[in-house]
Structures are given as structure tokens and as C-alpha cells.
Amino acid sequence: MSLRDLALATALGFALLLFLVAFLADRMPGERQRWFASPLVYTLSISVYCTSWTFYGAVGSATRDGLEYLTIYLGPTLVFIGFWSILRKILRISRRDSITSIADFISSRYGKSDTVAAIVTVLALVAAAPYIALQIKAIATSFQVLGAAGEDPGGSASMVPDTAVALWITVGLALFTILFGTRSVDINERNFGVVAAIAIEALVKLVALVAVGLLAVYGVADGPGDVFARMAESVQPRPEDFGLRWVGLILLSGAAILCLPRQFQVTFVENQSERHLLTAAWLFPLYLLVLSLFILPIAVMGQATLPPGSNPDMTVLTMPIAAGRTDIALLAFLGGFSSATSMVIVSCIALSTMISNHIVMPLALRSSAVRLEGGGDVQRFLLRARRAAICFILLCGFLYMRTGAGGAGLASIGLIAFAGAAQVLPALLGALYWEGANRRGAVAGLIAGGAVWAYTLFLPTILGGLDAWDALAAAGPEGLAWLRPDALFGMQAGDPLMHALFWSLLLNTLAFVLGSLTRLPTPIERLQAALFVRVFSDRGGAGTVRGRAASADQLFDLAQRIMGPDRAYAIFRRYAASRGEATEFPSVDDAFVAHLERRLAASVGAASARAMILSVTGSETISLDELVRIADETARLMEYSAEITRKSDEVERAAVQLRAANERLRSLDRQKDEFLSQVSHELRTPMTSIRSFTEILVGTPDLDARERERFIDIIHAESIRLTGLLDEILDMAVIERGEPERPPEPVDPAAALDQAIDACLGLSRTAGVRIERSGAARAARIMGNRSRLTQVFINILSNAIKYGARENAVIRVTERAGEGSYVATITDNGPGIPPEEARTIFDKFSRGRAGETVAQGAGLGLAISHAIVERLGGTLRLEPSDTGARFEIRLPLVADGSVLNDVQSPKRSHSSSS
């Protein structure tokens, strides 16, 4: 059997072993799976960072560039030892919010934006293509080196990977990843099998590299003394060592440990306990140290013993062959195979989750390809999408290897991928430490940095050699030499990697900061910013404010289509049990809706989960703790500003402090404006009524005395009602939460309607609108609150006056009682309400059009009226009408349903001309 055939058999046997381990780990009982949740296994899984680049390519890098290979180990070591707080912060947020990927993490921070998530996903996919190509190339080349061991023991540097071998490797990797990486849509359901396989591969590549290193020191050289002597001769420090390039490479590798999708997957998504991160903080750097110890001895002895022209990237494999140690050569091959396959499998799992959650699912929801009601099977759709994404990802890697990676060294390909992944770093750090960062800045930074990286570094590896690209690179687009990819803005690139890294991160950061400063964060961005930046002071978000609610059946129907009925039922049942409810489904409140949204986010990501929840509930959840925190901060800032103003003798310093305080106050303006708009809307109606009657009294000195007295009485009544409106607005929260008010009492609805018409009379006369009333139910009684009911009638009448103001405008008011209900209708002959507005007419902040312009007001009147009528046990509906708008208020009569009489009173007409 040839060495290549033996290696193939060894690889297949090792793959079967990994299959077996993964299969058993996934099916072990929960108690026995604890071993796979140990800190040791967790740390070994993080070593997926050490790919074929660090196994094969580090030796090649040491051969070409001396000590520079150390930078790839120094970056992650510095992050885990010196910046452990960043890791802990990301982990705490990820576990709290059921984060599924780095795209999910960043989009969740920036308002749960699917746009941000999609951009991060595309950038990660493009950056991963060179890295996956590197792994495929390494495995394919290692097979060829073993196959040519007799003829070319050094593995010629000009050796090109065999396309057929690379294709079969790609297919095998796809099958393994699909089998063990897409068994469930819940990414937070731990992949114990995959993690166990990665841990074994981590041990194999460590043992293999140490074995080759010991062979180099004691089998090829004459011991450590001989190795050190050869190192002193062949490894000479270069002027650029420990310079700016080193700083750039350390930054790149440090960013990679945070930003690469596979690293985010194993470090944060697969984490079982925050305590495990403490162990990894010292054990992972120790693993890197042991792995790097023998890189230089292997490189030095390979140079000394292998024939000229040997491939330095394959020294780990070819040196044991040249020394006649096929057993160690096979172990080295197995180590390289483990390094490459573990990276590809985890990368594909992470990227396929990002693609399905942040590109496929949002598009499917928008195009109705997936239905959240009826018979839509979201779970099956997601699994198919992820499996297709895995195949697509590996195809991209294979094509990149064929087009752009054929002749490049492993380290060069890896650095291109690192630079692409680093474009996420500004948005990631901004998400953790800058509350002013927002979606606009994140989008601008990611697009700017990604475009510059692709233009200056990624595309040249693919398009280099094509006449069109070579012409552009030589003269710049449209002859603009300062836009040449290798001399951007006139800066000549002595080092293409550092040139691309400098400009991409600089423009990325500038666009991120400037984009964030051009507008204030939205309320959801402000809330997410507080939850991310102040994660360690988070009080859990207890208490929420939500608008319209959903039933337990609606929420269960949504959950089971994504998770499957069994898991959805288990979530509902466990939550009900945790609250001591002896039912299958818990009572639906805001806390449960927020809990369910987090569980859905574990399957489809935060942005898609939010969209799905909103499709059912139609409203947003905001923590009361956060609202109180914002209000407290506002009060503190206002007090601080007043104190500065009083210090007139320190004007200059006070001005500087006030500017800083005002910047912070602007971030609260939107929430303040929403509150003020509600207050102003509710106060405007009685104030306008008082003003209108006052103007009539002042401008009509010959007004009839009885009419004048009546107007004064109305002004007095409206003034009294005005003073009570503030309390009523504050009571709106009580209405929405369903908390009990003062006990209801019998109310005469006809009298409430009379009061409302009287209150609106001045407004109608000013607008030239006539109010006609016909029919009356004077003996009808309902149970409720007269002030609340009057407020409903006034809101509808004032809207009819405002929207129906035109020549010959008439508002017709009718009422009747019978069959257990009191019914009042208010109809105008205005332009009516378009169908697209009718669907949202009772939503908060929904405003129609008065003529050609949007009507003034906050859009709260009908929403408040709808809530009040529902609280009184009735309904408020917009009825179909041939002309104008027709609103029907239907309320239940008192318990016995009696009506003493049903009087048809004479028509009562009010107009500005009467």
C-alpha cells in the first residue's frame, strides 16, 4: 500500500471515529453529557482558531519571514489575558439574549436591524471564502505530497492542488457538516457532538505538531544545542520585525479571535458557563504556547535537510518523510487534516446559521414564501436553508481556491481572510462601549470598510491577471491614479496587506462614528444600547410596557412552526410551571412574550424573531426599568444644567459643560417628544373649545343673553375637564395594562353625548360644520365612567370636524338602545378614510390626511377611545360607508338590559349660521 493510500485510509478511519464520537455525544443522557460541557473541552474547542494555516502555514511563514509567525499567536493571547473583560461582556449578553452568531449580536445591538445583520453576513461569507479555500488547498496538497513522496520528497513549491481531489474533499466536508451541524434549528441547543469532535481534533493536531517538533530536535538535529546553533545562523532579525507590520498583524489576529464567525460560535454560542471562560483565559494561551514552541525548530531543520525548491508550507509533512519516519508523517498528515476539517465544519455551521437567519428568512417573510399561520413549516424551511447554505459556502471556498488561491502561500490567504473579518471590529466595540452608536453608523462603517478591503486586497487575488483589472490597477478607475488599489489616496503600498488594513479600518471607523453622529438613536436602539453597554448593571428588564397583546394559542402556533410542537409545548409548559400556574399554557403577559422572543431568537436570530413577534402582537416591548432609568438621567441632567447656569462667574467652563450635557439630552429628545405629543393632543381639544367660545363671546357683543350664559357654562365645564385630563392621560397606562380603576357606576350615555356635542359646538362653528342629532335613548344606562365616555365622544366628534371641514359639511349623530346594547353612530360627509388607513386607524400615532396634508396631532385620540370603549366592555368600529366616515360605539346596557322608553326626539341641529 502506498503512503497516499495509507493516508487516505487513515483519514477515512479518523473521520469514522469522529462520526462515532459525535453520534454518541449527541445521544448521551443529559447527566453524561456534562463531560462535554467541561472547561477543558470548551477550551479545546476554541483551538479551532488553529487551522491548517497554524499547522502547516506557520512553518512556511517562519521559513520565509522569520519570527513574524509569532504575531498570529500573540493577538489571541493578548485578548484572552489582557482584554478578558471584552470576552466576558460579549458572553454575558450572548447568553442573556440567546444570540446565535456575530451577525445576530451586532444587529441586536443596533435596533435588531435585519439590514445590519445581512451586511455582516455577506461580509463574513466573502471573508470566509479565502479561509475555507486555504483549508481545502492544504488537505489536497498534503494528499499530493504523500502521493509523490518517492519522486519528490520535499513537495515542490510549484505543486498545484489536484482539482478532483479538492472537489471530493469539499463534498466530504459538506456531508459531515450537514449531518452533525443542522440537526436542529435552535442554535442554542448545544452541538455536543460537533464540540466533542473538535476537542479530539485539537488534541490530535497538538500531539502531531509536538511529535514532528521532537523529531526535528532529536531525530534530525543532534539535540537542542544543534537546533539553537542553526537558528542563530539562519534566523536573523529583520528591520521590520517588531515594527508597524507586527502591530498590524497582532491587531489582525486579535480581531480575528473576536470577529471570525467560527470563533464567535465556539467561544460564545457553544459556551455552557461563564466560569469556563475563566479557565480558557489561561489554558488557551498555554495551548498556543505549546503549539508554537516547535515551529521555528521544524522550519530551521526543514531548510537544512530538504532539497532546494521544497514547499515550506509542507515542511511539517515532508521532513518526517525525508527522515524515513512514515509513522510520524501519517500523524502529521492527520494533524493537518484535523486542523483543516475542524475549521471548515464550525465555519460552515456558523455561516449557514447567519445566511438562513439574516438573509433567507427575512426575504422569505417579506415575499410570503414562509407563512407564520396556516400550515407553514418554518422549521423544515430553516433546516433546508442551512443545508443549502453549507453547500454554497463550501462551493465558494472551492471556487476561490481554483481562481485566487492556487499559487499563494497559506499564510497570505489566511491574512486576507483576517483583514475581511476585522471590518466588523469597529461596530462590535461600538456596540459594547458607545451608547450613541446607532444603525446608520454601523451600516456606513461596515459598507465602507468592506468595500475598501475588497477593492484593495480581496479582488486582486481573484481578478489579478485579467487585462481589465490590470489596466485599472495600473492607472486607476477612469484614470484617477489616486484610486489605484495598491496606492489608495496616493499612498504607495510597500506592503499591500498593511495598506489595505490601514485604509479599510480608518474609513470604516470614520464612517461608523460620523454616521452615528448624524442622527439620534431610535428608542429601540437606545434601549438596546443601555442593555449592551450596561450589561453588568442590568436588572433583568423586569416590567414592560406593551401595546396590543396576543393570545396563548397565537403565540404557540408561531412557536411550533419554528421549533416544532414538542419543543414549543415544553417551553410553554415549563414557563407556566415556573410561575406556579396549573395550566398547560401560561397566562400571556409582556414578560412571557419577551421570554418567547428570546427563545425564537435562538432559532432565527433577534431581527427575524422580533419581526415574527410583532406580526402577532403588533407592538414593541420596552422595559419599565429602562424608562425609569432614562427619566432619572433626564432629571439629573436638568438639575446639572440649572446649576451650571447659576454659576455666572464661570461662564466659559459652564458653556463647555452645558454643551456636553446638551449632547446627552438630545439622545433623550425622541422619548420626551413622544410623551409631550400625547399630552398636547389630549389638552388641545378642550383648550380649543374654550378658545372658540371665548372668541365668540368677545367678537359677538350682541349675542343673546341666554346663549352667552350657556357658552360661559360650557367654558367653565371644559376648564374643569381640562384640569382632569392630565390625570386621565396618566391613567392611560392603567387602561392598557388592564389594572382596575375606581368602581363603575350607572351612566346616562345620552347625557355624555350631549356634553360632548356642547363641548365641540364652538369648534364646529369655527370650522363651518353643522352637527345634526337624531334619535335618543334617554333612559338607557350603562356601567362605566361618564368622564371616560364623554372623552370618547369628544375625540370622535373633533376628528370628524377636523377631517370633514368643507362646504356644506354635516356631522350626523344618532343613538338607540335595545337588545341589550346602547349604540351611537357618528357619521360625517367628508372625504372618508382610505382603505390603507382604515386598517390602522385605531393604532397609536396613526394619523390620517386632512385634505392633501397629514393632519396635525399625535394620532392618539382614536387609540385612546378604542381602549376606553373596550374597557367599558363595548366595541368601537369604523363602519363601511358610501360617503365620509362612520364610527359606531356599542356598549352593553345595565345587567337587566331594561330601557324605560325609546324616544325619538326632534332633530337637533347645530351650525355656525344658526
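Let's start at one helix pair: Phe105, Ser108 and Arg109 in α6 are in contact (heavy atoms within 4.5 Å) with Glu525, Gln528, Ala529 and Phe532 in α23. By class, this contact has 3 nonpolar, 2 polar and 2 charged residues; Ala, Val, Leu, Ile, Met, Phe, Trp, Tyr, Cys and Pro count as nonpolar, Asp, Glu, Lys and Arg as charged, and the others, Gly among them, as polar.

Helix α6 covers residues 102-109 and helix α23 residues 523-533, and they pack at about 120° with axes 8 Å apart. Axes are lines fitted to C-alpha atoms over the stretch in contact, with angles from 0 to 180 degrees between N-to-C directions.

## About the model

This is a predicted model, where local features need pLDDT of at least 70 and side-chain atom pairs pLDDT 80 or more, while totals for chains, interfaces and linings use all residues. Residues are numbered from 1 along each chain as its sequence is written, and side-chain values use heavy atoms, leaving out hydrogens and water.

## The nonpolar cores

Phe105 returns here: with Leu258, Phe105 has the most contacts inside the largest nonpolar core, of 164 residues. Such a core joins buried (under 20% relative accessible area, 1.4 Å probe, protein chains only) Ala, Val, Leu, Ile, Met, Phe, Trp, Tyr and Cys residues through side-chain atoms within 4.5 Å. Helix α7, residues 114-147, gives the most to this core, with 20 residues.

Apart from this core lies another, of 40 residues, including Ala777 and Leu891.

## The whole chain

The protein chain has 35 helices and 12 strands, taken as DSSP runs (H or I, at least four residues; E, at least two) numbered from the N terminus. Of its 914 residues, 55% count as buried.

Terms used
Buried means under 20% relative accessible area, exposed over 50%, partly exposed in between (1.4 Å probe, protein chains only).
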